[in-house]
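Let's take a friendly walk through a protein chain, from its overall layout down to a single residue. Keep the picture at hand as you read.

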Amino acid sequence: NLTLSLWFNSTKTSGWDDVLISKNVRGEFDIQYLTSGTNHFRFLQGSSSGTSGAPAGINYYNSPTYTISANTWYHLVVTREGSGTNWIVNFYVNGISIGSVATPTSSPVTNTPRITDEAIYIGRRNDDWNTAYYYWQGSIDDVRIYNTVLTPNQILNIVNHPLITIPTPVAWLKFNNSNTDT
């Protein structure tokens, strides 16, 4: 189970598809905002059905349509909850649920996520082909990663009281020019 939480703004609102956070798109996770077609968030999850746990494909979960405005700060939370091949991905913007998705759009692969020791990239895609692309056009702040699914009340607490850290994240990148980021 997983919760990814971050604040972001964008300098563009059309004609691009960029990544907010990525731990190898064919690996564990990737969150993208897309403006081609309909505006929405996408959570990508690699599949472990390849030989010896190698990446076999990508499953992705699209949020309902959600349009952002340029130069406006938003708080995004994406949770992944489940086990085996049964997962539910929830999307929250500014503490409000914008939708849940239980069935991914995917390559013909299983829906069991990979567990990797890949690096986490903020503001661009981490790809196992060592290709850097989908750079975020804007700013990202206060990134938190939890190894549990936060409740709607806990998510609202982060939005309304950003210094609250209960439960404790496994990673917290405050980007406030201090040496206390963990």
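**The whole chain**

What you see is a predicted model. The chain has twelve strands and one helix. Of its 182 residues, 48% count as buried.

Strands of a sheet pair through backbone hydrogen bonds, and the pairing can be parallel or antiparallel. Here, six strands make an open sheet in the order β8-β7-β6-β1-β11-β12, with antiparallel pairing. At the edges are β8 and β12, each of which pairs on one side only. From one strand to the next, the twist averages 20 degrees.

Look at β1 (residues 2–10) and β6 (residues 74–83): seven bridges join these antiparallel strands. Within this pair, W7 stands opposite H75 of β6. Helix α1 (residues 152–160) lies across β1, β6, β7 and β11, and it runs at about 155 degrees to β6.

In soluble globular proteins, nonpolar side chains tend to be buried together. In this chain, the largest nonpolar core has 28 residues, and F8, L20, F41, F43, L76 and F91 have the most contacts inside it. Strands β1, β2, β3, β4, β6, β7, β8 and β11 each supply at least two residues of this core. A second, separate core has six residues, including V77, Y146, L150 and I158.

**A closer look at T35**

Where does T35 sit? Its place is in the loop between β3 (29–34) and β4 (40–46). Is T35 buried or exposed? T35 counts as buried because its relative accessibility is 10%, and the cut-off for buried is under 20%.

Which residues are in contact with T35, leaving aside its neighbours within four places in sequence? They are T13, S14, G15, W16 and D17. The side chain of T35 reaches backbone atoms of two of these residues, as the table shows.

| Side chain | Backbone atom reached | Distance |
|---|---|---|
| T35 | nitrogen of G15 | 3.0 Å |
| T35 | oxygen of W16 | 2.5 Å |

Terms used. Residues numbered from 1 in each chain as written. Predicted model: local features only at pLDDT ≥ 70, side-chain atom pairs only at ≥ 80, totals over all residues. Heavy atoms only, no water. Pairing = 2+ DSSP bridges. Helix = DSSP H or I, 4+ residues; strand = E, 2+ residues; numbered from the N terminus. Axes fitted to C-alpha atoms, helices over the stretch in contact; angles between N-to-C directions. Contact = heavy atoms within 4.5 Å. Buried < 20%, exposed > 50% of the residue type's maximum accessible area, 1.4 Å probe, protein only. Polar contact = N/O pair within 3.5 Å; in protein donor to acceptor, adjacent residues only side chain to side chain. Core = buried A, V, L, I, M, F, W, Y, C linked by side-chain atoms within 4.5 Å.
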